[in-house]
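Open your viewer and get ready to click along. We will go from a ligand to what surrounds it, then step back to the whole chain.

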Amino acid sequence: MNIHEYQAKEILSSYGIPIPRGRVALTSDQVERAAKMMGGRCVVKAQIYAGGRGKAGGVKLIHYPEQAQEYGKELFGRNLVTSQTGPEGLKVRRILVEEAVEIAREFYLSITLDRESSRYVLIASAEGGMDIEEVAHKSPEKILTLIIDPLGGLRPYQARKIALELGLFGTVCEDCVELIMNLYRVCQEKDCSLVEINPLVVTKAGWLMAMDAKITFDDNAVYRHREYPDMMDYSQLDPLEINAGKYDLAYIKLTGSIGCLVNGAGLAMATLDVLKECGGEPANFLDVGGGATREKVAEAFRIILQDKDVKGIFVNIFGGIMRCDVIAHGIIEAAGEVHCTLPIVVRMDGSKVEEGKQLLSESGLNVQVGVNLGDAAARIVQMLG
Ligand code: ADP
Ligand code: MG
């Protein structure tokens with residue numbers, strides 16, 4: 001689960017990490033008023049669930065309040081497209097107005113989960129800021145990493161080593177040690193899969209400050225934090241994803257043209273692999289889970305049909321706990337409602353498979369049933385040409 005920069009900064013601040021003074025605005029008038037409060041000169045920052053805003057015109061240094069209002073209007077009026085958003089961009093519904101800080105140096109600092117070691121890893125670089133991806137790509141030796149032992153935790157001497165390697169000394173170095181220790185506490189106590197400060201800056205006045213912040217909460221831990229659901233900004237999510245969430249369906253948007261309805265994550269992975277092997281490109285996959293009801297299958301099918309990229313549908317179900325006739329009823333219900341004419345190829349196996357296949361073939365839908373997984377995948381790919 002993602003949150004906005006201003007929310008992430010509030011959390012960092014509550015752990016003693018210094019952040020710039022700021023205000024969140026919901027209208028361009030509020031942007032202007034906030035700019036006045038900052039004394040005219042300020043930085044206006046679009047709040048979206050994506051980075052790369054600086055390079056895309058979503059972060060701007062402002063010199064007087066009217067300019068802030070004008071820029072606010074412009075941002076609220078369009079989708080912001082950055083290197084991380086995809087071509088459609090994201091709606092700007094909130095703007096952060098911050099004091100303009102005089103920056104001397106920019107660093108990169110984050111803690112995230114390292115899947116290989118199954119541990120938190122601290123990542124830092126003396127070359128932080130908007131080009132960090134390029135630094136990581138071109139000169140990976142400039143990226144410092146430290147895998148954190150979950151039993152011993154992060155030790156101050158380890159944080160100090162990082163701060164020294166970043167080239168900090170004196171009181172700023174000690175401040176950095178404290179900041180790194182606090183960042184680790186945020187990570188653990190807030191159940192984060194990522195906390196990132198890019199850039200962490202040393203100001204011209206010699207203070208350490210988080211100039212940007214990104215926090216991702218572990219979805220599996222959201223239930224432990226009552227305040228998290230209210231922090232969500234639904235305007236930033238794909239409406240289909242929101243719907244899927246309501247019905248407890250796992251929906252993942254991909255870039256191709258074949259909509260995939262499957263049961264079980266393992267089968268979903270196998271389905272994508274086989275489709276790709278046949279030369280097909282999945283538009284999404286929707287996992288209805290183990291014991292789905294007819295209603296749930298129908299909702300899943302509706303979601304797939306609403307995805308405009310879908311030109312054909314591939315259903316791959318193994319009826320174990322779930323019966324194939326239940327799936328067939330769900331598909332027929334949802335497809336019938338919207339008079340779906342898209343080609344559908346079904347691969348089914350398991351309990352009540354004959355009943356399921358018969359229901360589908362008598363349904364009047366544009367549906368074919370594959371002999372096995374390979375055959376079914378090849379058919380849908382062929383039908384979409
Ligand atoms: P993004 O990572 O999405 O590009 P950032 O919040 O990192 O957005 O902002 C981009 C750049 O703008 C930062 O690297 C920093 O140099 C500058 N910046 C951001 N906030 C401020 C601020 N309050 N004062 C001065 N400069 C800022
Ligand atoms: Mg940034």
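A residue counts as near a molecule if one of its heavy atoms lies within 4 Å of it. This is a predicted model, where local features need pLDDT of at least 70 and side-chain atom pairs count only at pLDDT 80 or more, while totals for chains, interfaces and linings use all residues. Residues are numbered from 1 along each chain as its sequence is written, chains are lettered from A and ligands numbered from 1 in the order in which they are written, and side-chain values use heavy atoms, without hydrogens and water.

Start by selecting ligand 1. It is surrounded by 18 residues, the closest being K45, R53, G54, E98 and E106. Of this shell, 8 residues are nonpolar, 4 polar and 6 charged (Asp, Glu, Lys and Arg count as charged; Ala, Val, Leu, Ile, Met, Phe, Trp, Tyr, Cys and Pro as nonpolar; the others, Gly among them, as polar).

Now look for N or O atom pairs within 3.5 Å, the polar contacts:

- K45: a polar side-chain atom lies 2.7 Å from an oxygen atom of ligand 1.
- V101: a backbone N or O atom is 3.0 Å from a nitrogen atom of ligand 1.
- N198: a polar backbone atom is 3.3 Å from an oxygen atom of ligand 1.

Taken alone, ligand 1 exposes 550 Å², and the protein buries 88% of that (Shrake-Rupley method, 1.4 Å probe).

Next, colour by domain, with bounds from an automatic or database assignment: domain 1 (21-99), domain 2 (103-228) and domain 3 (238-384). Domain 1 and domain 2 each give at least three residues to the shell around ligand 1. Finally, zoom out: the C-alpha centres of domain 1 and domain 3 lie 41 Å apart.

Notes. Polar contact = N/O pair within 3.5 Å; in protein donor to acceptor, adjacent residues only side chain to side chain.
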